Each structure stands twice: as structure tokens, then as C-alpha cells.
Amino acid sequence: MFTHMRQRLTILLFVLMLVCILLSTLVPAPAQADVGVQPILPDGSSIQPDVETPIQMASERVVFNVRQATEWDSARVTYNPMAYGLQNPLIPIWQLSVAEVTADFIMRNPTNEAISLTVWFPLASALENDEWEYHPREVAPRIENFQVAVAGQPLTYSINELPNPKGADYPLLPWANFPVTFPPGQDTLIQVSYLIWAQDDITGVGMFLYYIFQTGAGWAGNIGRAELVINLPYLASPETIGVLPEGEIYNGHQVRWIWEDFEPGPEDDFSIWLIRQERWEELETARMRVILWPDAESYLDLADIYRRLILGKYQILSGFGEIYQPMGVQAAQEALRLLPGDGRPHYELAIFYLAALPENP
């Protein structure tokens with residue numbers, strides 16, 4: 001019997017090790033940029049010219065409308081059956097989030113002559129992370145529903161597969177390109193829109209969105225004004241945004257940034273870490289239950305949700321951890337007051353206190 005139990009334990013440990021290896025492949029890679037024929041620019045970007053030009057970018061306004069994905073969204077993408085065909089129990093496709101993105105660029109021609117050139121926009125949505133596996137029929141995974149208009153008129157664009165600056169062993173990268181003529185002494189509005197998938201992190205708590213500003217430096221001079229707006233399906237606050245650039249302005253479900261006289265480099269490329277919508281909805285439901293039925297089980301349930309929001313591999317998550325750890329302690333203490341002889345509140349408190357240590361044992 002003892003031998004049989006040891007065999008079962010060995011098998012269980014082996015399965016857990018395989019699961020950990022699988023989860024380690026789900027960490028999203030950050031957006032990158034490099035020199036070459038074209039820089040590596042995933043997840044949307046500023047437009048860029050194909051040649052040196054006197055045309056200036058007077059302003060740039062980018063809006064992300066974040067929402068839960070639908071089955072209709074997933075139907076537009078072909079997924080690798082060896083990846084998502086596993087019916088991934090951790091991240092079902094209809095639980096992922098997407099962002100509908102619009103970007104308005106006001107371009108200024110300060111010269112006395114009309115200037116015609118080709119404008120480029122990257123269509124790659126990811127580089128070397130797990131998203132490659134989900135698009136087996138694509139040379140590179142792409143943003144969805146890309147559209148462009150100039151002066152309010154929809155424009156047809158071409159797609160070129162260009163060499164990857166990282167080397168010939170890497171897949172070609174897709175770029176949209178379209179011709180634009182800028183009248184002398186006038187401003188011209190270029191609008192692009194597209195849809196991207198938020199990249200979920202390994203913890204199951206958050207998701208990442210990116211935007212590449214550095215291509216805007218290809219136009220003459222600095223960008224006069226740049227604004228980036230993110231509209232969320234929940235209130236924008238430190239409880240829902242774990243990591244973000246400085247200078248944020250909160251307003252209800254919206255957070256935005258404004259930069260003046262902006263000359264963007266690689267260090268200015270934008271990234272943000274948001275709480276996943278289903279995690280936030282679970283937290284709000286547990287909080288409401290405590291209000292309506294303030295019993296020990298309600299507080300224990302709330303403490304358990306806080307614990308899952310702050311821990312990543314038994315270390316406190318930067319951002320959400322600092323926000324939710326004291327709230328978790330409070331919920332667990334309330335459960336302990338109502339159940340002084342129960343071990344569960346002690347367990348929750350121990351986890352919260354250990355997670356907050358500078359060097360977690």
C-alpha cells in the first residue's frame with residue numbers, strides 16, 4: 001500500500017511539474033523595438049514615413065476601448081489546435097479581453113509645395129510569445145480589422161512582408177502602407193483603427209496593453225501634442241491598474257496621459273498592466289456579498305479572492321499586491337473575529353503577512 005501511494009505521489013508531482021512548465025510559456029513578452037529595414041513594432045504604433053520628410057506630426061490622439069472578448073471576436077482568428085485546442089482551462093478564449101483602438105494624427109505641411117509619400121503602419125500584434133502558436137496560418141500574428149482614412153475618406157492599403165530585424169531565422173513582419181499627399185501649408189488628418197487582444201499574464205490576475213510611440217519620431221521635429229486615452233469596463237484606479245506610466249489622469253472609467261512637444265524614443269513606448277475583467281467582477285461580487293450578508297463565510301470568501309489577487313508564485317505582486325494586501329488582512333481579521341476557533345482565518349492571515357515580508361520565505 002505504501003509503495004502504491006509513493007507511485008501515485010510521484011505521478012502527481014510529475015503532472016504538476018508539467019503544468020508549471022506549460023504555465024511558464026504563457027508569460028507575455030514586452031513590446032520591443034530595434035533598427036533594421038523596419039523596427040520591430042507590435043501591438044499598434046504611430047504611423048511613420050518611408051523617407052526623410054518636412055511633414056510634421058502636429059498632434060496624435062490614441063484611444064483604447066477595452067472590453068471582454070466575444071465568441072464573434074475569436075471566430076475571426078484561426079487558433080492552433082495544439083495550443084488553444086487543448087481547451088485551455090486557465091484562459092478560455094471568450095474570457096480574454098480586446099481593445100478597439102482608434103488613432104488620429106494631424107499632419108502639417110509647412111512648405112509651399114504638395115508632398116506625396118508612403119506612410120507605414122505595423123500589423124504584427126506579437127513577437128516571440130505564446131501568441132505565435134495561436135495563428136498557424138499567419139506569417140506573424142496580426143492586429144485585426146485594420147482600417148485607415150485620410151481627410152475623412154477611407155483608403156485602400158497594401159500589405160508588405162518585410163525582413164525581421166532580428167535575423168533571417170525569424171518570421172517576416174507584416175506592414176500596411178498607403179500613399180498620402182499633403183497639401184501645401186495645410187493640416188491633414190490621418191485616422192487608423194484596429195483591434196488587438198490584450199496579453200494575459202501568467203498569474204491569471206492581469207493583462208497587458210502596449211502602444212509604440214517611437215515611430216512618431218520619423219516625422220520632422222517633435223510631436224506637438226500626444227494624448228493616449230484608455231476607456232475601461234470598470235473604474236480606473238490603483239485597484240484596477242497595477243503598473244502604468246507616470247502622469248496619469250483618472251476620470252471615472254477612463255485614464256489618460258498628455259505629452260507636449262514630444263520627441264519619443266524607445267523608452268517612451270507605452271505599456272500598462274490592468275486587472276482582468278473577470279477577476280474584478282469576482283471581487284465586486286464578493287464585496288457586495290459582505291455588504292448584504294456580513295457573515296464569516298462571506299469574509300472568508302473575500303479574503304480568499306484578495307489572496308489570489310496579490311500572489312504570484314508565493315511572492316507579492318508589485319502593484320496589485322500593495323493595494324490588496326491590507327484589504328485582505330482586514331477581511332481575514334473580520335472572519336477570525338466571527339470564527340475564533342476556525343483555522344481558516346489564521347491560514348489566510350499567515351499568507352497575507354508572509355507575502356508582505358521583504359524576503360518571502
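Me: Which two strands form a hairpin with Ala151 in the turn?
Reply: Strands β5 and β6 form that hairpin, with 2 residues between them, and Ala151 in the turn has a positive phi of about 55 degrees. Strands here are DSSP runs (E, at least two residues) and helices are DSSP runs too (H or I, at least four), numbered from the N terminus.

Me: What kind of model is this?
Reply: This is a predicted model, in which local features need pLDDT of at least 70, side-chain atom pairs count only at pLDDT 80 or more, and totals for chains, interfaces and linings use all residues. Residues are numbered from 1 along each chain as its sequence is written, and side-chain values use heavy atoms, with hydrogens and water left out.

Me: Back to β5 and β6. In which sense do they pair, and over how many bridges?
Reply: The pairing is antiparallel, over 2 bridges. Two strands count as paired if DSSP finds at least two bridges between them. Within this pair, Ala149 stands opposite Pro154 in β6.

Me: And which strand pairs with β5 over 5 bridges?
Reply: That is β9 (residues 187-197), again in the antiparallel sense. Val148 stands opposite Val192 in β9.

Me: How many residues of β5 are buried?
Reply: Strand β5 (residues 144-150) is mostly covered, with 5 of its 7 residues buried. Buried means under 20% relative accessible area, exposed means over 50%, and partly exposed lies in between (1.4 Å probe, protein chains only).

Me: What is the order of the 8 strands in the open sheet?
Reply: The order is β6-β5-β9-β3-β2-β12-β15-β14, and the pairing is mixed. β6 (153-154) and β14 (249-251) are the edge strands, each pairing on one side only. Further along the order, β12 (residues 223-231) and β15 (residues 254-262) run antiparallel and are joined by 8 bridges. Glu227 has Ile258 in β15 as its bridge partner.

Me: What holds strands of a sheet together in general?
Reply: They pair through backbone hydrogen bonds, either parallel or antiparallel.

Me: What is the order of the open sheet of 4 strands?
Reply: Its order is β1-β4-β8-β7, with antiparallel pairing. β1 (48-49) and β7 (158-162) each have a single partner strand, so one side of each is left without a neighbour in the sheet. Between β1 and β4 (residues 115-122) there are 2 bridges, and Pro49 has Val119 in β4 as its bridge partner.

Me: Where is Ala176 found?
Reply: Ala176 is in strand β8 (residues 173-182). Ala176 counts as buried because its relative accessibility is 0%.

Me: What does Ala176 touch?
Reply: Leaving out residues up to four places away in sequence, Ala176 touches Val119, Trp120, Phe121, Leu123, Phe146, Tyr157 and Ser158. Contact means heavy atoms within 4.5 Å. Tyr157 is 19 residues from Ala176 in sequence, with the two C-alpha atoms 6.2 Å apart.
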